[in-house]
Amino acid sequence: MSYMASITIRIPEPLNRELKKLARSKELPVSDLVRDSLKRYVALEQLRAIRAKLRPYAEKAGILTDEDVFRIDS
């Protein structure tokens, strides 16, 4: 198993209550839920950065929408 770093954050109490409620409903520890949420957020931000870099090339090729991508891929 790889080493896990530990961080401390402060969140508003209403968010804390909702987080605990969600963790209970999913039968997961809060730390697992937060870790998964952070992974998803980081992946989404990485995807946004890639899309921003590729956007000028796509626009130059006439690819402006998701439908354009699907049309080309089909």
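1. Buried means under 20% relative accessible area, exposed over 50%, and partly exposed in between, with a 1.4 Å probe and protein chains only. By this scale E27 is exposed, at a relative accessible area of 73%. E27 has a positive phi of about 55 degrees although it is not a glycine, and E27 is found in the loop between α1 and α2.

2. The model is predicted, so that local features need pLDDT of at least 70 and side-chain atom pairs count only at pLDDT 80 or more, whereas totals for chains, interfaces and linings use all residues. Residues are numbered from 1 along each chain as its sequence is written, and side-chain values use heavy atoms, with hydrogens and water left out.

3. The protein contains three helices and zero strands, where helices (H or I, at least four residues) and strands (E, at least two) are DSSP runs numbered from the N terminus. Of the 74 residues, 7% count as buried.

4. Helix α2 (residues 30-60) has 31 residues and reaches 45 Å from its first C-alpha to its last, close to the 45 Å expected at 1.5 Å a residue; the expected span is 1.5 Å times one less than the number of residues. At L54, α2 bends by about 45 degrees, and a proline, P56, follows within four residues. The bend at a residue is the angle between axes fitted to the seven residues ending there and the seven starting there. Just after α2, G62 takes a positive phi of about 85 degrees.

5. A search of the whole structure finds five salt bridges, each a side-chain nitrogen of Lys or Arg within 4 Å of a carboxyl oxygen of Asp or Glu. One of them joins E45 and R48, whose closest N and O atoms are 2.8 Å apart; both residues lie in helix α2, three residues apart, about one turn of the helix. D66 forms another with R51, at 3.5 Å between the closest N and O atoms. Because D66 lies in helix α3 (residues 66-73) and R51 in helix α2, the pair ties together parts that are 15 residues apart in sequence.

6. Within helix α3, D68 and R71 are three residues apart, and their side chains meet in a salt bridge (3.2 Å, N to O). D68 counts as buried at 15% relative accessibility, whereas R71 counts as exposed at 52%.
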